[in-house]
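Hi,

Here is the structure I promised. Please look it over; my notes on strands and rings follow.

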Amino acid sequence: MTTLFVSDLHLASARPAQLALFQQFVARVAQRRARALYILGDLVDAWLGDDDDGSPPNREIIAALASLRAAGVELHVGHGNRDFLYGPRFVAATGARLLSDYAVIDLYGTTTLLTHGDLLCTRDVKYQRFRRVVRHPLTRHAFLATPLAWRQRIAQRTRSGTVASMRRKDDAIMDVEESSVAAIMARYQARLLIHGHTHRPAIHDYADGRRRIVLGDWYERDGVLVCDDAGQRALRVSDYLHLPAVQA
Ligand code: MN
């Protein structure tokens, strides 16, 4: 039995190939009866509230995720910086359990910390300030109280603003800060940290035996992390689809 991790799929109707790949991927996970699938944030490019569940491709995504429940695969969904508004209706429709900003699991005997990754980019002070504002319960409440069409317009405007500001920011600011990584792993006594967000897939092994795995996004590399008793393997989704049953 395997446990799978993905993040930063950024599914959107403008990218139908990725949506099709996601549907194939989920069907294969269900067929192989994996133990669990963890989606560590930014599953979709925008989730503007649970009443956004009818917009394409959200409806298709919910249908795909719901099929995991019937197959007995545990589904865990974390919030990304694009999709932090999942609520009770999403949970009821998909059978997902929502992850908090930091979640600790026992991954085949290894104490493992899961997070989206944006909280670890502590050099980006402006972003951290922005995050605190938009994640505040009052902001969420006020935002969700507005009509969906208005939220869609705001999201569109913010998206073009984000792309422009990311172009201006230098490279180092967009990555995690190692001192923050060390501090959070110590706080949760984790030997392994799995996150996404930075779109810099890698396995970092530290001198003290800790490991940090950065998941790949689904823009070009469509990554999946496959874990079992034997350890962790970072694969392309296309390779996962074709794995022989004994390794899957
Ligand atoms: Mn992200």
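Two strands pair if DSSP finds at least two bridges between them. Bear in mind that the model is predicted.

Strands first. Strand 5 (residues 103–107) and strand 6 (residues 110–114) run antiparallel, paired over five bridges. V104 stands opposite L113 in strand 6. The hairpin of these strands has two residues between them, and Y108 there takes a positive phi near 50 degrees. Strand 6 also pairs with strand 7 (residues 192–195), in the parallel sense, over three bridges. There L113 has L193 as its bridge partner.

Now the rings. The count is nine aromatic pairs. One is W47 with Y86: the centres are 5.0 Å apart and the planes are at 50 degrees, so the pair is tilted. W47 lies in the loop between strand 2 and helix 2, and Y86 in the loop between strand 3 and helix 3, so the pair ties together parts 39 residues apart in sequence. W47 is buried at 3% relative accessibility. Y86 is buried too, at 3%.

Y127 and F130 form a tilted pair as well, because their planes are at 45 degrees, with centres 6.3 Å apart. They sit three residues apart in helix 4 (residues 125–135), about one helical turn. Y127 is buried at 15% relative accessible area, whereas F130 is partly exposed at 46%.

Ring pairs also link F22, F25, W218 and Y240 into a cluster. The charged end of R32 sits over the Y240 ring, 4.8 Å from its centre. Likewise, the charged end of R210 sits over the ring of Y206, 4.4 Å from its centre.

Best wishes

Key:
Residues numbered from 1 in each chain as written. Predicted model: local features only at pLDDT ≥ 70, side-chain atom pairs only at ≥ 80, totals over all residues. Heavy atoms only, no water. Helix = DSSP H or I, 4+ residues; strand = E, 2+ residues; numbered from the N terminus. Phe/Tyr/Trp six-rings, centres within 6.5 Å; stacked < 30°, edge-to-face > 60°. Buried < 20%, exposed > 50% of the residue type's maximum accessible area, 1.4 Å probe, protein only. Lys NZ or Arg CZ within 6 Å of the ring centre and 35° of its normal.
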